[in-house]
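Subject: Structure for your review: aromatic contacts

Dear colleague,

Please find below the structure I am handing over to you. My notes on its aromatic contacts follow it.

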Amino acid sequence: MARPAPARWPRAEEFLSARGAARIAHPGGTLLDHLRRVGRLLSAWDADPDLQLAGLCHAAYGTDGFDEPLLGTTERGVLAELIGDRAEALVYLYASCDRAAAHPRLGQGLPVVFQDRFTGREHTPAEADVRAIAEMTAANELDVLGHNVGLAERHGPALYRLFARSRDLLSAPAWNACAEQLAQYAPEPGIVISGLDHLALTVTDVERTTSFYQRVLGMRPVTFGEGRRALGFGSSKINLHRAGNELLPHATRPTPGSADLCLVTRTPQEQVLAHLAACGVPVEEGPVTRTGALGPILSTYLRDPDGNLIEISTYT
């Protein structure tokens with residue numbers, strides 16, 4: 001459910017308009033129109049009041065992608081008095097972010113090193129600030145792409161990869177919006193798996209596991225029976241059992257992280273490695289030579305969110 005607009009919103013809108021935001025062209029109308037939509041989108045995602053205000057004012061100092069500032073960074077105190085210190089700090093962090101330096105680091109784990117494009121200084125924002133910037137980035141980019149087909153075609157694929165890689169930094173509503181609006185730019189699965197009928201995997205978090213196997217291994221989420229969950233690939237599937245709520249009959253000691261799976265792919269190992277790197281998934285070992293059921297295989301090892309060992313193998 002969307003949160004109501006913060007009490008400071010009307011005065012902030014008036015300030016932005018007085019500073020010329022209503023006279024600057026922007027996809028979807030004027031810059032002020034865009035700023036309003038970004039703030040409202042964050043509200044629809046249940047962002048807190050400071051983040052909503054930061055979204056409304058996110059381009060006040062200009063941004064790395066739209067450098068038409070409404071006020072200089074020497075006037076930070078003016079904006080802070082208007083929207084509060086926390087919201088202004090997020091506006092400055094967003095505006096000063098050197099995207100070429102920071103965006104490739106998003107989704108690669110925390111902490112994330114940012115570079116201030118105004119000063120050149122590197123710094124490490126708090127986790128809450130990184131999450132806020134990721135959320136604001138999603139709201140901004142979705143609004144821009146939704147109002148400019150050319151920009152969507154040009155930047156849609158890269159932005160899908162950015163948000164998919166950074167999914168753990170985004171709220172569920174933000175990621176769902178990204179996945180829906182940018183679905184047409186999603187790459188074909190980097191790995192195509194075949195060769196197993198089905199198995200049952202005991203997991204700590206069904207949603208987290210589903211996300212991982214869909215994003216990294218291209219598997220299909222499946223719901224069957226009375227709400228049971230599974231992952232499909234080729235003609236096979238993995239049934240998911242939540243730890244402590246396993247279905248009978250089950251293994252004597254069903255334990256998350258105890259599985260060791262070998263999955264077969266036709267995807268070359270070089271492409272497997274490149275895809276894992278793009279997904280931010282560490283390689284445990286490989287490619288190394290092993291012996292599969294039908295002969296020699298080349299294998300790369302990784303771990304899923306519960307620590308299960310996953311072997312991605314190509315028959316040589």
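Tyr160 and Trp175 are both buried. Please note that this is a predicted model. In the search of the whole structure, four aromatic pairs were found. One of them is formed by Tyr92 and Phe118, whose ring centres lie 5.8 Å apart with 45 degrees between the planes, a tilted arrangement. This pair joins distant parts of the chain, with Tyr92 in helix α5 (residues 85-96) and Phe118 in the loop between β3 (114-115) and β4 (122-123), 26 residues apart.

The two partners differ in accessibility. Tyr92 has a relative accessible area of 14% and is therefore buried, the limit being under 20%. Phe118, at 33% relative accessibility, is partly exposed.

Returning to Tyr160 and Trp175, their ring centres are 6.3 Å apart and their planes stand at 55 degrees, so this pair is likewise classed as tilted. Here too distant parts of the chain are linked: Tyr160 belongs to helix α8 (residues 149-165) and Trp175 to helix α9 (residues 172-181), 15 residues apart.

Ring pairs connect Tyr61, Tyr92 and Phe118 into a cluster.

Yours sincerely

Terms used: Residues are numbered from 1 along each chain as its sequence is written. This is a predicted model: local features need pLDDT of at least 70, side-chain atom pairs count only at pLDDT 80 or more; totals for chains, interfaces and linings use all residues. Side-chain values use heavy atoms; hydrogens and water are left out. Rings of Phe, Tyr and Trp (its six-membered ring) pair if their centres lie within 6.5 Å; planes under 30 degrees apart count as stacked, over 60 as edge-to-face and the rest as tilted. Helices (H or I, at least four residues) and strands (E, at least two) are DSSP runs, numbered from the N terminus. Buried means under 20% relative accessible area, exposed over 50%, partly exposed in between (1.4 Å probe, protein chains only).
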